[in-house]
Structures are given as C-alpha cells and as structure tokens.
Amino acid sequence: MAGQREDFSPDEGPSRERDKNAKSTFRPYHHPAAGWGAAKSVTKFLASEREAIDGPQAILKMNHEGDGFDCPGCAWPDDVKGLRLDICENGIKHVAWEMTHKRVGSEFFAAHTVTELSKWSEFDLENQGRLTEPMTYDPETDRYVPISWQEAFELVGRTLAELDDPNQASFYTSGRLGNEATFLYQLLARELGTNNLPDCSNMCHEASGRALQAALGTGKGTVDLVDWEAADALFIIGVNVASNAPRMLTSLVQAHKRGAQIVHINPLVEAAARRAIIPHDFLEMATFRATPTSTLNLQPRIGGDMALLRGIAKAVLEEARTDPKAIDAEFIARHTAGFDEYRAMCEAASWTDIERQSEIAVADIRRAARIYCDADRSIVSWCLGITQHEHGVDTVREIVNLLLLRGNLGREGAGPSPVRGHSNVQGNRTCGIDHRPAEEFLNRLAQVCGIEPPREHGLDTVHTIQAMQAGDVKVFIGMGGNFAMAAPDSTYTYEALRKCELTVQVSTKLNRSHVVHGRRALILPCLGRTEKDHQRTGIQATSVEDSMSMVHLSVGMKQPASSHLLSEPAIIAGIAQTALPNSPTPWQAYVEDYDRIRDTMAQVLDGFEDFNRRVRLPLGFRIRQPARELVFLTPSGRAEFSTAELPDTTPAAGTLTLATVRSHDQWNTTIYSDNDRYRGIKNLRTLVFMNPDDMRERGLSEFDEVDITSVANDGSKRSVQKYKVIPYGIPRGNAAGYMPEMNVLCAIGDFSTQSDQPIMKNLEVTIERSA
C-alpha cells in the first residue's frame with residue numbers, strides 16, 4: 001500500500017558462519033519484490049564480505065557502458081538508456097562473492113585432505129574465498145599441492161596428446177566464459193580433433209534453441225529491450241523473475257505503468273508476479289510505493305504449459321470465427337507454413353482435455369486469450385520451467401504457434417524472448433561451443449584458421465557423463481561452473497568423474513568439482529569478471545552476448561586476487577601450446593592482444609563482421625536475426641507451425657510430479673545462505689514444497705520429515721531422506737524442492753528425447769513420512 005512501511009522479515013541477510021543448530025522457519029512472504037528487502041540484503045552481504053569500499057564502487061561500474069564490467073550473473077540486457085544503476089540484488093551478491101577478501105592457497109590445502117573437504121557443504125567450500133595458485137592432486141597425501149603453470153600445462157598437453165582418440169577428451173564450459181575465450185576454447189578442441197563441447201545450455205535452454213531453429217530458422221529469441229518497452233502484453237512463463245532475472249522487474253514495472261497487460265504462468269506464484277519496488281526508483285523507495293507486476297496469474301500443473309498454450313490458441317481461433325481480426329490472416333498467408341493443419345489440431349482438441357492436462361479452468365484460459373487478442377503487440381518470455389521437460393521442444397514451438405497466429409513477429413514490441421539465466425551462455429553457443437556444429441561454421445573455421453575440424457557430432461553433457469562412466473572419455477576439462485553439482489544423477493556423475501584419467505577445473509573458487517575428481521586432477525585459478533586483465537599490450541577487454549543478442553565489452557575494475565592468476569584465454573593458450581606443438585594458430589599473439597582474437601572471429605562468425613569497431617560502439621552491437629526481419633532459414637522459407645500432440649501430464653496414482661528450483665539466496669549452484677526470502681524460508685534447504693491437500697492426504701503437517709523417492713524411466717529408484725515438508729500454493733499432484741540438492745533424483749537416463757536435456761522439472765516421485 002502506498003505510503004505504508006513494509007515489514008521485511010524474515011531476515012534477508014546470509015549467515016556467514018552457518019549455524020547448523022539454527023531454527024528453521026517458514027512465514028509466507030507478502031511484501032513487494034526488490035525494494036527495501038533487497039537493499040537490506042545487499043547491505044548485509046557487502047558487510048559480511050568486507051566489501052564496504054569495493055562493493056559500492058563495483059555497483060557504479062557494473063553493466064555500465066564504456067568503462068564497466070558485465071555482471072557475471074544473469075544475461076538480461078543492459079538498459080538502452082545507459083542507466084547508471086542497472087543492477088540488482090543477486091548481481092551485487094554475485095560480484096561481492098567474487099570480490100571477497102578471503103583466499104584459498106597452498107596453506108589451506110596443506111591443512112585439509114580432499115576426503116575431509118568432500119564432507120563440507122557447497123556453501124562452506126565456496127565461502128573459503130578465491131583460489132590463488134594452480135594446484136595438482138597428490139594421491140599419496142590426499143591433498144592438493146602447488147604446481148607451476150608450465151608444469152600444469154605440460155601435464156594437460158601431454159595427457160591430451162597421448163590419448164588414443166581425441167574423442168576421449170571432453171571440453172565443458174559454463175556461461176561465465178567471455179566470447180574471446182570461448183572462441184579459443186572451441187578452436188583448441190577442434191584442432192585436437194573433437195566436437196565434444198558440452199555446455200550448460202545442454203541442461204538449460206537446449207530445447208529453446210532447437211525449437212526456435214525448427215520453427216524460425218534461428219536458435220535465439222528475436223526481441224530486444226526496446227521491444228519490451230513497446231509491448232502491449234507480456235506473457236511470462238516458467239520464470240521466477242525476482243531470483244533468476246531480477247533486472248526484468250524494471251521492465252515489468254514500467255510495462256504496468258504504461259498500461260500493458262502482464263500474464264504470469266507458473267505452478268508457483270512467485271513474489272515478482274505480484275508487485276515490486278525498483279531500488280533505483282528513489283521516489284518509490286522513499287514512499288514505499290509498490291507497483292503491481294501482473295494482470296493475471298495462472299498456475300498450471302507442472303508440465304501443463306503446452307496444454308494451456310494450446311487452449312489459448314484454440315480460444316483465439318474460436319474468436320476469429322466471428323471477428324476475423326482476432327488472427328493476422330495476411331501474415332499467416334505470406335509468412336507461415338502449416339497453419340491449416342495447426343488450426344485443425346486446435347479445433348479437434350477438447351476443452352475437457354485441455355483443462356485436465358493444464359489444471360487451468362477454461363474460463364481462465366479464455367481470460368488469457370482475451371488479453372492476447374486485445375493486445376496489438378505481444379511478447380512471450382520463458383525459462384527453464386518450460387525447457388526441462390520431455391516435451392520442452394514441443395512446448396516452445398507451441399509458444400511460437402501462438403505468436404504466429406497474430407503476426408507477433410518481425411515488428412516492434414512483439415516476438416519470442418527466452419530468458420537465458422547465465423551471463424554469456426548465449427555467447428558461448430554463438431562463438432562455437434556446440435557439440436552439433438553447423439557445416440557452414442566448420443567450413444569457415446577451416447578456411448580462416450587453417451585447421452581441419454572434425455565433422456561428426458560430439459557429446460553433450462548427459463552423453464559425456466555416460467561416456468566417462470563407460471571409460472570412453474578419459475579427460476574432462478571444465479572451463480568455469482561446478483559441473484559435479486550442476487549435472488543430474490549426482491551419484492552416477494561423481495562415479496563417472498572419478499573414473500577419468502585427468503580432470504581439470506578452471507575456477508575462481510573452491511567447489512564440489514574440485515573434490516570429486518579423476519585419478520589426476522588440476523585446479524587452475526583464473527581471473528574473475530571484475531578483475532583487470534593485464535597482458536603485454538595493456539589491459540584487455542572481453543566481450544559478452546546478452547539474452548537478446550547484444551554484444552558489448554566488459555572491462556575489469558579491480559586488481560587480481562593473486563599475482564598467480566591467469567586469464568581464461570591465457571590458460572587455454574597455455575594448454576594448446578603444449579598439446580599442439582605444431583599448431584598453425586598464433587596462440588601467444590592472441591593472448592597478448594584480444595583484438596587479434598576478435599579479428600579472426602570477425603572472419604569466422606556470422607554477424608561479427610567489423611567486430612573490433614562495432615563492439616566499441618555505445619552499448620555494442622546487435623547480432624542480426626533473420627527471423628526478426630521475416631527471413632526464415634527453414635526448409636519452406638517460412639515460419640513453421642508445429643502440430644505436436646498434447647502430452648499426458650497427469651501424475652500416476654500415488655505419485656507427484658516434482659520440479660527442482662533455485663532459492664532466492666542462490667545463483668545456479670552457488671549458495672549464499674540457507675534462506676529463501678521470497679518464499680518465506682529461513683535456515684533450511686532440505687525441504688519439499690507441497691500442496692496442503694496432498695499433505696493432508698498423506699497425514700503430513702508443516703515441518704514433518706519425509707523421504708522422497710524418484711522413479712526413473714528404467715524403473716530404478718533414487719531417494720533423499722528426512723526432508724521437511726512446507727505447505728505451499730502449488731497445484732495438487734505437484735511438488736518442488738531445491739537444486740542442486742535434489743539433482744540426485746534425476747536419473748542420468750531421464751533426459752528429453754527431443755533436446756537431450758535432463759528432465760529436472762518433471763520428476764515422478766513418491767513422498768512418505770520418514771521412519
């Protein structure tokens with residue numbers, strides 16, 4: 001309420017020294033997203049990390065064009081107006097976590113065996129601070145010991161060169177890698193002779209890329225931030241905005257103020273789907289004036305989104321019988337293929353089936369359709385709530401179907417907008433991290449770089465793990481991220497990593513992937529995004545691509561945490577020079593001046609022509625999207641309607657469908673505390689959110705302990721024990737809990753046949769009271 005001060009309990013601040021005996025509490029959160037709750041949390045976090053000076057300086061540099069660095073958190077675009085405080089709570093936490101004064105050097109490893117460290121929590125591992133020097137595992141002492149950079153490079157290079165087949169190595173990357181390092185990394189792998197380039201997209205947005213490629217001829221969304229500012233209706237599906245893409249809150253608040261309609265579709269009504277106060281709106285902060293961020297909230301059952309979307313399309317087509325303007329017939333005729341078949345499928349779908357599969361009443365589906373029909377320009381945005389399912393590709397294609405019905409493509413304020421959850425994950429794919437590379441890309445790489453890249457497809461994330469388990473992949477190199485914790489079927493993944501001859505982790509902080517390692521193991525510490533990258537020709541800038549295809553430069557502001565740290569391009573080049581002694585690639589010259597890397601990238605990558613000049617323009621440049629210009633690189637030369645059958649999403653008798661989610665005080669596998677402010681949780685992560693009726697049916701009360709057992713497609717079972725039950729507003733037959741703790745429940749074989757993504761948001765489970 002305007003002018004009324006909010007109570008921001010429970011305490012938002014992370015507990016630095018985790019009290020294992022602290023009482024767990026649950027109190028539903030009814031306050032605005034962001035606002036003073038975020039400000040209080042950030043202040044506590046900066047104080048706890050002793051960043052009272054560097055933290056505020058970083059806030060003024062983060063996401064700022066010209067002399068700033070790109071937030072290493074989410075991939076939301078920078079504000080087109082050059083907003084000085086284009087920041088968010090989670091971004092500041094992410095930066096402060098990287099800028100910590102705590103250090104992990106040889107003295108730390110001398111004091112702790114790997115066996116001891118393997119028993120520490122994820123928080124406790126990362127909370128030790130920044131890694132400061134290269135380390136190698138000594139099996140005799142069960143400790144990591146120092147190793148020189150040259151010795152480390154020689155160990156990796158020698159091991160790679162001695163493999164019987166280059167496909168016995170796999171090169172993983174997370175989204176933290178800049179474009180220049182990404183290009184060098186894929187060049188290293190392909191010059192060695194493998195396309196084994198798994199990445200975090202294989203676990204997150206692979207379905208989006210495949211669906212958009214099939215429907216539109218491009219694997220990316222077509223909108224930019226200007227479109228968000230012009231849309232009449234926004235449909236936000238399967239996204240926890242306040243935690244996963246907090247800067248989107250600004251767009252939602254602005255949209256509501258200008259009269260746009262906002263529909264949130266998610267099994268859980270998250271805080272960002274109610275109202276928010278944007279911290280850099282000083283007047284609203286001073287008056288505690290919150291702005292609504294939704295017009296309509298719909299809670300489908302887990303996996304029921306496709307049926308809901310089909311229902312909206314059906315209602316739109318019914319409206320078109322009496323009002324021809326309900327669909328854009330001219331657009332459909334000129335630019336699409338397959339409309340008649342899709343219309344017939346929608347007409348044949350029964351409202352009874354749609355309501356049962358979606359768990360949304362027909363009247364509410366029609367309300368959403370009315371909003372869609374009344375809007376001249378609509379954007380549909382989605383995240384992992386859509387993709388981590390068996391039918392993720394079909395669901396994204398259903399989003400495109402809906403957009404095509406009203407010509408919401410190729411014009412301002414309209415189009416598909418996937419939310420990439422990690423900075424530069426989209427740039428990684430653009431710049432060559434792809435286990436299924438296009439033939440045209442390989443041809444250009446061969447011509448420009450003077451190598452002969454392999455043509456057969458490589459291994460993605462799931463198949464890399466299976467190959468390690470089978471002994472077919474012997475060397476695993478992880479460029480950023482925490483692979484051991486991010487991957488599915490934790491027990492299986494741990495066993496697979498331990499079977500490797502060599503595991504190499506390029507990291508900024510200690511994590512699970514360092515203590516779950518191969519027979520030989522290296523920790524190679526690298527610069528963080530916030531740190532100055534000193535090379536022979538001066539301080540270097542790297543480029544990143546946001547989730548809306550804008551490419552811009554990032555320049556660190558702080559001196560490195562240790563004089564022993566190397567940049568990611570330098571580490572990649574060091575490995576390459578030992579593994580490929582006769583390489584035609586000028587590795588050292590590339591490291592000395594990243595402009596030289598960009599000059600080569602400009603010749604290889606579509607849309608990167610004149611790279612060095614364009615990336616230095618204000619806010620950089622946008623990669624051309626043919627579909628945005630109504631040029632469709634599909635077999636028909638048109639946008640393709642799809643006609644997939646609706647999947648059966650109803651859980652079997654006695655089971656629930658469980659989705660893994662992140663807490664608010666978490667970024668991917670990095671856990672800042674055991675709190676989840678927006679869901680009202682304090683001092684607890686081993687929990688499961690359940691519908692109160694499902695709890696009563698099982699005789700459960702709040703905080704009762706339960707065992708959760710998943711049933712894999714092959715009939716095998718996996719369990720976690722003594723998780724506490726939290727009653728929550730989630731549809732009956734559904735449940736949710738935190739990753740990475742619940743990743744163990746997703747069997748390695750339970751991945752989508754459409755995208756090869758682990759189905760971490762569609763697990764069949766039973767929940768029973770613990771003995």
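Strand β2 runs parallel to strand β10 (residues 275-277), and two bridges join them. Within this pairing, A33 stands opposite A276 in β10. The model described here is predicted.

The two strands belong to an open sheet of three strands, ordered β2-β10-β11, in which the pairing is mixed. The edges are taken by β2 (33-34) and β11 (291-292); each has a single partner strand, so one side of each is left without a neighbour in the sheet.

Strand β9 covers residues 261-265, and four of its five residues are buried, so the strand is largely enclosed by the rest of the structure. Buried here stands for a relative accessible area under 20%.

Strand β9 pairs with strand β8 (residues 233-237) in the parallel sense, over five bridges. In general, strands of a sheet pair through backbone hydrogen bonds, either parallel or antiparallel.

## Residue E206

E206 lies in helix α9, which spans residues 206-216. With a relative accessible area of 5%, E206 is buried, because the cut-off for a buried residue is under 20%.

Leaving aside residues up to four places away in sequence, E206 touches S201, R429, H435, S755 and Q757.

Key:
Residues numbered from 1 in each chain as written. Predicted model: local features only at pLDDT ≥ 70, side-chain atom pairs only at ≥ 80, totals over all residues. Heavy atoms only, no water. Buried < 20%, exposed > 50% of the residue type's maximum accessible area, 1.4 Å probe, protein only. Contact = heavy atoms within 4.5 Å. Pairing = 2+ DSSP bridges.
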